[in-house]
Amino acid sequence: MVNLAGAFEKEGISAFRFDFAGNGESEGSFQYGNYRREADDLRAIVEHFHKEKCFIAAIVGHSKGGNAVLLYASKYKDVQTVVNISGRFNLERGIEGRLGRDFKEKIKHNGFIDVRNRKGRFEYRVTEESLMDRLTTDTRGSCQSIPNSCRVLTVHGSMDEMVPVEDAMEFAKNVPNHKFQIIEGADHEFTLHQDELSSVVVAFVKAGLGGNYMAMPSQSCKRTSGCIPSRF
């Protein structure tokens, strides 16, 4: 995402990155699931820039962030371009690898599961409530309710071992105005395909803006006291 933000900057498009609540440098406690809350976090960011009279060209999310931007578009319907990078369509998949095959029985019996890293250190607690938040998030319904006026791009690596490329194909089937791009040989993080990823995403966003985006008066997002600081 850092490289992608830099690619946008080179094209004269400001990029603002942030950590969801309970993640990275943001305040709050981390919770498993929380897809809807993260869409609401994104809402707070969008509203901030609307108040600053900024034009929002697109919202872009990677992995779980891809789900957040799609949920946002389905709920608030006020963005024209969405980019979903390696998002997961089937939210029931991928849980066993993190919580174990018998995760449903464990969480019913104990009320929670503590997730530890390979060194045995505690990382976070999964409660039954947070697990159900993930399992009851309706990805298909959300995708189908994104308005046709919203352009959506899904980019996925053909060698993604974390989220199978079949998930990307499901997004293509269910999002009304959708473009689908597979990057051959790329993994979940696009480790060896950063430039190709940036090229595809930036081109899609620019296509939605037309040739006059550099002339948009609100594009610079300026305060009278200077630029809004953003963490790159």
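Q: Why is E11 called partly exposed?
A: This is a predicted model, by the way. E11 has 30% relative accessibility, and partly exposed is whatever falls between under 20% (buried) and over 50% (exposed). So E11 counts as partly exposed.

Q: What makes K206 and E11 a salt bridge?
A: Their closest N and O atoms are 2.8 Å apart, and the cut-off is within 4 Å, so the pair counts as a salt bridge. K206 sits in helix α9 (residues 194-209), while E11 is in the loop between α1 (2-10) and α2 (35-51), so this pair links parts of the chain 195 residues apart.

Q: Why is K206 called partly exposed?
A: Its relative accessibility is 27%. Since buried means under 20% and exposed means over 50%, K206 counts as partly exposed.

Q: How do you know that K75 and D40 form a salt bridge?
A: The N to O distance is 3.1 Å, and the limit is within 4 Å, so the two side chains qualify. K75 belongs to helix α3 (residues 64-76) and D40 to helix α2, 35 residues apart.

Q: What makes D78 and R43 a salt bridge?
A: Here the closest N and O atoms are 2.5 Å apart; the rule asks for within 4 Å, so they pass. D78 lies in the loop between α3 and β2 (81-85) and R43 in helix α2, so the pair ties together parts that are 35 residues apart in sequence. R43, E47 and D78 are linked in a network of salt bridges.

Definitions and conventions. Residues are numbered from 1 along each chain as its sequence is written. This is a predicted model: local features need pLDDT of at least 70, side-chain atom pairs count only at pLDDT 80 or more; totals for chains, interfaces and linings use all residues. Side-chain values use heavy atoms; hydrogens and water are left out. Helices (H or I, at least four residues) and strands (E, at least two) are DSSP runs, numbered from the N terminus. Buried means under 20% relative accessible area, exposed over 50%, partly exposed in between (1.4 Å probe, protein chains only).
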